[in-house]
Structures are given as structure tokens and as C-alpha cells.
Amino acid sequence: MRRLRSLELSVSIKARIVSLTLALLFVATAPPIANAAPQEKEAEPVEVKPPELSRARVVSPEPVCLRPSTVVCEDFEKPNRSSWGDYKNAAFYVEDDVAFGGEQSMRQYYDRGQAAAGWLAWHFGDHPDSRVRKGTTFDEIYFRFYHRFQRNWPDQFPPKLARVRSRYVQGELLYAWEEQLMVSARMPGGTAISLPISGLAEPGGTNHQGDSKLRWLEREALNLRFAEHPGEWVAVEMRVKLNTPGQNDGRITYWVNGNLALDRTGVNLRGAYTATTINEALLEAYWSGGAPRNDLMRWFDNVVIATEPVGCAIYTVRKNDLKDQSAWQVQVATARNESAIVWDSGNVPGVGAQIDISAQAGTFADGADRCLRPSDKYVMRARHAVGETWSEWSEWKAMFK
Ligand SMILES: [Ca+2]
């Protein structure tokens, strides 16, 4: 019986082997039907069309708004104005005709001869009317905003732009606020801004209203070159650092479009005064002497008040999705010279289709302006890949409308 079973087993195994061999032979010799087409297609070179890029848009809300060091972040897109301390709306409104980020900004409208105009102040820290971080003291503040004059602006400028102040209550009258110190950015005309900087401790003359309490530091010229940028948004950042009480170690620094414009060290801004610290930042639009004609407009947008440097707003660009994408790359160049690459993402692996034009997401060329701004000065292009096969670069395209 055992021999018989062994024989049966042997026959069974041999039959299976024959059957398997025949099956393999059939597969090997059978005419390819279902799998033929894809195998032949894969052998062809893959054609990858160049990407299509969107226009650049400001990342909103700005990433800096989420940092703990940011005290106020205002893009004028939200109805919540709880952080606004003092607002004079004399033709100074939130409008939706022109915006740096989002859809809305603050617009000042001037008629011929108009001097009085609007202002908007944020009250924080130890301000008598503090709206943000009430009671906190701020010895150093960074105040960054974007500003734009309309395209056909005349060769005259309203002198007022922005201030950083320390205010306190005089006596028991809440609204009799006094200035302990004031750092101001102004445009006396043409292309320059000078700095009337005042502080109680600094010996000097009286202020422009004859007030001998506020003594003026020496003015300092600062060329913001606004006259060269009508119709462009310009990033202005002010840093005010109070001196250690009794020492001359305060500091005032201005940046324009991310480039250092003024750095004044060794400043005595408050003497030994410590009752209040920096507690107000103000956008202002007063036009001493009056506007030269009707229908003049200026705008402010993307305001950030912080205890650390704010820097430039970041732009993002998108491209169309690509099936089976393995990598992609974006470059920004100057429009007048496309070989002058300003920023390069490098090879970005994966299936992404959106990227920030930032130092974190790519590399700025040495000496390149890191504050890209809406103008016709920049162009961009992109390419993407499937496997190892890259598309051609897209045509150079303007970044902004
Ligand atoms: Ca806005």
C-alpha cells in the first residue's frame, strides 16, 4: 500500500510539474494582447509640458502674525478693530480699491488745499488707553508697514508718515495725554525724509510748536526715494530702542524695502524716565501747507508692531498640478535682465504646487533685494519633472499684475 501511495504521489507531482510547465510555455509564447499597449507606451519618451504659474500673492495672514513677539498685526481685512486706539477718519478709510495684501487697505484722499487729514494709532502696553498687552512695558519696538502713493503723484509730498511714541496721562484727565518721547518719519519734500527726533532728556531747542519740554535731537536726512516709486508699495520699518535709564545707548533704525536706510546709535531718548515705555505707533497723513490739487490718494497696508525685526512680506506662487510629479523648481529674476536671478527655489522634490518666495524656501542671490514688491521689476519662471524627465522652463512671466 505504501508503494502504491508513493507511486500515486509521484504521478501527481509529475502531472503538476507538466501542467505548470505548459502554463508557463503558454504565457511565454502567447501573443501579447492586454499588456502590449502600456509596455510599448512606457518605452516612449515622456512629454512633460512646462508649468503654468499664477501671479504672486502676499501670504495672508503673514506668518509673522503668528509669532509671540508680534503685538499688533493689521491687514485691514477684518471688521475687528479692537486694537485701534485713536482713529481720525478725515477722508482716511478702509477701502477696497487698492491693497498690498488681501483686498483692503487704508486710503487717504486729499482735496486741493487740504492740510488736516486722518491718522490711526495703536495703543498697547502701558499706554493710558492700552488695547493690547495692557500693562506690559516695551523698551524696543519694530513698526513695519507698507505705503503707496498713487501713480501720477506730483513732486510734492505730505510731510507726515509715521510716529512711535510714549504717552502718559497728565493729572487726572484721561485725554490730556502728553508725549514723553516721539520718533517720527517725515518727508519734508522731494525725495527725502528727515527725522525730527525728540526726547525729554536731550538738550536742545523747542519743538515745532514751541514746546520746550520736548527737546529735539539733531535732524537726520534719510532718502526714502518715494518720488522714484509712485504707484509702488514700499516697505518701511522703524526700530526704536529706549536707552537704559541714565545712559546714552538708545537706538533708532529705519529699513526701506528691507535695506538699511538709517541707523542711529548712542541716543538718549528718555533720560532716566521710566514711568511709561513705548506704547503707541501711529500712521499719519497731515499735509502741512495743503495738498496742491484734488484727487490725490495714498495707501497704507500690512501693519505689524513687534518686539523683534519684522522684515518683508512673503509672496507665494502656484502652478498647475502635474500627474506623477517628482520635482519642480521656480526662479525669480529682474525684468530688465532675465539672467540676473534674484531668487531660486532649487530642486524641490515631490508633488507640491505652491511655494513661498522666501529665504526659508529658496536662496536669494547675494546683494538681491529681499523685499519683493508689486511692480513690473520682477519676472518668474518654473519647470517640473516626472521621474528624471524635466519639462522645458516656462516663459518668463511678470510676477504682479
Ligand atoms: Ca490688506
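These are my notebook entries on a predicted model of a single chain.

**Ground rules.** I number residues from 1 along each chain as its sequence is written. As the model is predicted, I take local features only at pLDDT of at least 70 and side-chain atom pairs only at pLDDT 80 or more, while totals for chains, interfaces and linings use all residues.

**Confidence.** I looked up pLDDT, the predictor's confidence in each residue, from 0 to 100. The chain averages 81, and 75% of the residues score at least 70. I noted residues 188-194 as a stretch below 50, with 24 contacts in the model beyond near neighbours in sequence; a contact here means C-beta atoms, placed from the backbone, within 7 Å. Residues 198-210 are also below 50, and that stretch has 36 such contacts.

**Overall make-up.** I get two helices and 27 strands, taken as DSSP runs numbered from the N terminus (helices are H or I, at least four residues; strands are E, at least two). Of the 401 residues, 34% count as buried. My cut-offs are 20 or more other C-beta atoms within 10 Å for buried, 12 or fewer for exposed, and partly exposed in between, with C-beta atoms placed from the backbone. Among contacts between residues at least 6 apart in sequence, 69% join residues at least 24 apart.

**Core.** Which residues have the most contacts inside the largest nonpolar core? I find Ile141 and Ile305, in a core of 71 residues. Strand E18 (residues 296-306) gives the most to this core, seven residues. The core lies between domain 1 (68-306) and domain 2 (315-398), because both give residues to it. For the record, a nonpolar core is a set of buried Ala, Val, Leu, Ile, Met, Phe, Trp, Tyr and Cys residues joined through C-beta atoms within 7 Å, and the domain bounds come from an automatic or database domain assignment.

I then checked Ile305: leaving aside neighbours within four places in sequence, its contacts are Val71, Val72, Trp122, Phe124, Ile141, Phe143 and Ala281.

**A three-stranded sheet.** I traced an open antiparallel sheet in the order E1-E19-E23; strands pair if DSSP finds at least two bridges between them. E1 (57-58) and E23 (354-357) are the edges with a single partner strand each, so one side of each has no neighbour in the sheet. E1 pairs with E19 (residues 315-318) over two bridges, and Val58 stands opposite Tyr315 in E19.

**Pro128.** I found Pro128 in the loop between strand E6 (119-123) and strand E7 (140-149).

Methods. Contact = placed C-beta atoms within 7 Å.
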